[in-house]
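User: I would like to learn how to read a few features of a model, beginning with a single residue and ending with the whole chain.

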Amino acid sequence: MTTLKQGGGGLGRAARESFNTRGAFILAAIGSAVGLGNIWRFPYVAYESGGGAFIIPYLVALLTAGIPLLFFDYAIGHRYKGSPPLAFRRMGKGVEAIGWWQVLICFVIGVYYAAIVAWAAMYTYFSFTKAWGDDPEAFFFGNYLELADAPGVVFDFVDGVWIPMVAVWLVLLTILGLGVRRGIAKASLVAMPVLIIMFLILVGIALTLPGSTSGLDALFTPDWAALANPQIWIAAYGQIFFSLSIGFGIMVTYSSYLKRRSNLTGSGLVVGFSNSAFEILAAIGVFAALGFMAQAANTSVDGVVTSGLGLAFVAFPAIISQAPMGSLIGVLFFGSLVFAGFTSLVSILEVVISAVKDKLGWSRGLTTAIVGGACAIISVVLFGTTTGVYVLDVSDAFVNNLGIVGAAFVSVLVVSWGLRRLPALAEHLNAISSFKVGMIWRVLVSVVMPIVLGYLLIADIVSKATTPYEDMPLDFLAVFGWGMSASLIILSIVLAVMPWPSNAALHREASHEDDEEAELVSANTGAANAGATDADVNPDNPYREGRQ
């Protein structure tokens, strides 16, 4: 008879990699959530969505969608102890494809996200000399990216792009190859404190700039009438959803590395509120700087406000060129982008590495070398060229927006109504966590979130179907937009029907259900000798119901 291994490998199975402490997990999870969007998207969304009044729908969205979905992902990853494909496979044989859909979304995002991190690294260097000169926009698209005249795919490599991309990938694969404790946890332990210190200094300097108060006034002056606009509320839910790294496998994967007795909901609350705190801090710093820029240009803040690439690589260089201590501001700002982007990139690629490792039973080193190496090559070949920005823009708009929302929408519907696993997930959360969930959480996940995600998904599909994205050629959109989105779904089904070999994590590693079953068997065996019944041994075991 097989025996329960020490360390939680139930039924004689091997134990999964794990974070050495809950604090290491929290830092890694915050590092994943705090990314580029916190710095260059949230400030603009808040400004355009009612200013100070936006805080109300934003907090409502955080409490009714962001944190509940964070709990949802944590419960799946921790209870079923696996990357998304393994976790969904353990929930039901027919739903493994949902997990692979999330993995493939992470693959696409990861290969282009590395390019943006490389750009930020180069701009950190450019900040010392203000290399962009008097025309940051012409420098970024012309001198630096050498952007082609029309969308397409050509292989004219740009040295200033592909070389730093190779460096990013080398560091990334080294961290992933070292594993959860020696790689991911230690990288987060270094990167997150550095990011927070750098950004606090940046915000402090920005607040001293002339005109900063006008920028803050523009950001925080409430437009209470905006609260009557449903689109403002949808914008709040969209911002929360995209900024918390929920719905596409990251938190499922990270929570699978938690030890058995881990406070899941307590960790989720820390991660959720920490992410929001950083977003608000970013908004203060960005709008203080934009207020200075508006005063220097003798215009209103509305005339200079922007988001995304325009904010990071055009507006901020212009600010840096005019501001006192401009070079220092540049190093702090672009350095912050590097650290925020890199910690998110680590989490995105870990989903891919973990999924393949689970499915094929390969070692971490082999998986990182083969799968990570292939991702690096595809990334450099597609995005280290003069047409890389076009592919990046379309991939981000379709795979990031449509894909993530679509996968999350399907997952909450299937888990809630198809598999009916929410009661079991709630019991799992409550059995080991400080903050208890109940009927309200189940209603939010099974009713509210499908409505919100369904609306976001349908609205985005209709918008992209009726108006070609950014007026790009239809054939280009067909390949890298609609075609890529559809191919991810098809490929996820193909990967799901592939059998799990005997050395795969499905057979080799234990889930928490396996651990509980092994303990129950062991306890019953001992109790039987004393004449006790199963109910006498453990009448309240939350894992005894709903198993397949």
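User: Is S446 buried or exposed?

Analyst: Buried means under 20% relative accessible area, exposed means over 50%, and partly exposed lies in between, with a 1.4 Å probe and protein chains only. S446 has a relative accessible area of 10%, so this residue is buried. The model is predicted: local features need pLDDT of at least 70 and side-chain atom pairs count only at pLDDT 80 or more, while totals for chains, interfaces and linings use all residues. Residues are numbered from 1 along each chain as its sequence is written, and side-chain values use heavy atoms, with hydrogens and water left out.

User: Where is S446 found, and what is S446 in contact with?

Analyst: Helices (H or I, at least four residues) and strands (E, at least two) are DSSP runs, numbered from the N terminus. S446 belongs to helix α18, residues 439-466. Contact means heavy atoms within 4.5 Å; apart from neighbours within four places in sequence, S446 is in contact with S416, W417 and L422. The S446 side chain also reaches the backbone oxygen of R442, at 2.5 Å.

User: Which class does Y125 fall into, buried or exposed?

Analyst: Y125, in helix α6 (residues 96-126), has 56% relative accessibility and therefore counts as exposed.

User: How is the packing of two helices described?

Analyst: Two packed helices are described by the angle between their axes and the distance between the axes. Axes are lines fitted to C-alpha atoms, for helices over the stretch in contact, and angles run from 0 to 180 degrees between N-to-C directions. Helix α8 (residues 159-207) packs against helix α12 (residues 264-296) at about 35°, with the axes 8 Å apart.

User: Which residues meet there?

Analyst: From α8, the residues are L195, F199, L200, V203, A206 and L207; from α12, they are F278, L281, A282, I284, G285, A288 and A289. By class, this contact of α8 with α12 has 12 nonpolar, one polar and no charged residues. Ala, Val, Leu, Ile, Met, Phe, Trp, Tyr, Cys and Pro count as nonpolar, Asp, Glu, Lys and Arg as charged, and the others, Gly among them, as polar.

User: What does the radius of gyration say about the chain?

Analyst: The radius of gyration is taken over C-alpha atoms, and the globule rule is 2.2 Å times the number of residues to the power 0.38. For 548 residues, a compact globule would have a value near 24 Å, and the chain agrees at 24 Å. The C-alpha trace spans about 85 × 50 × 45 Å along its principal axes. Buried residues make up 58% of the chain, and its secondary structure comes to 22 helices and zero strands.

Definitions and conventions:
A polar contact is a pair of N or O atoms within 3.5 Å; within protein, one must be able to donate a hydrogen and the other to accept it, and residues adjacent in sequence count only if both atoms are side-chain atoms.
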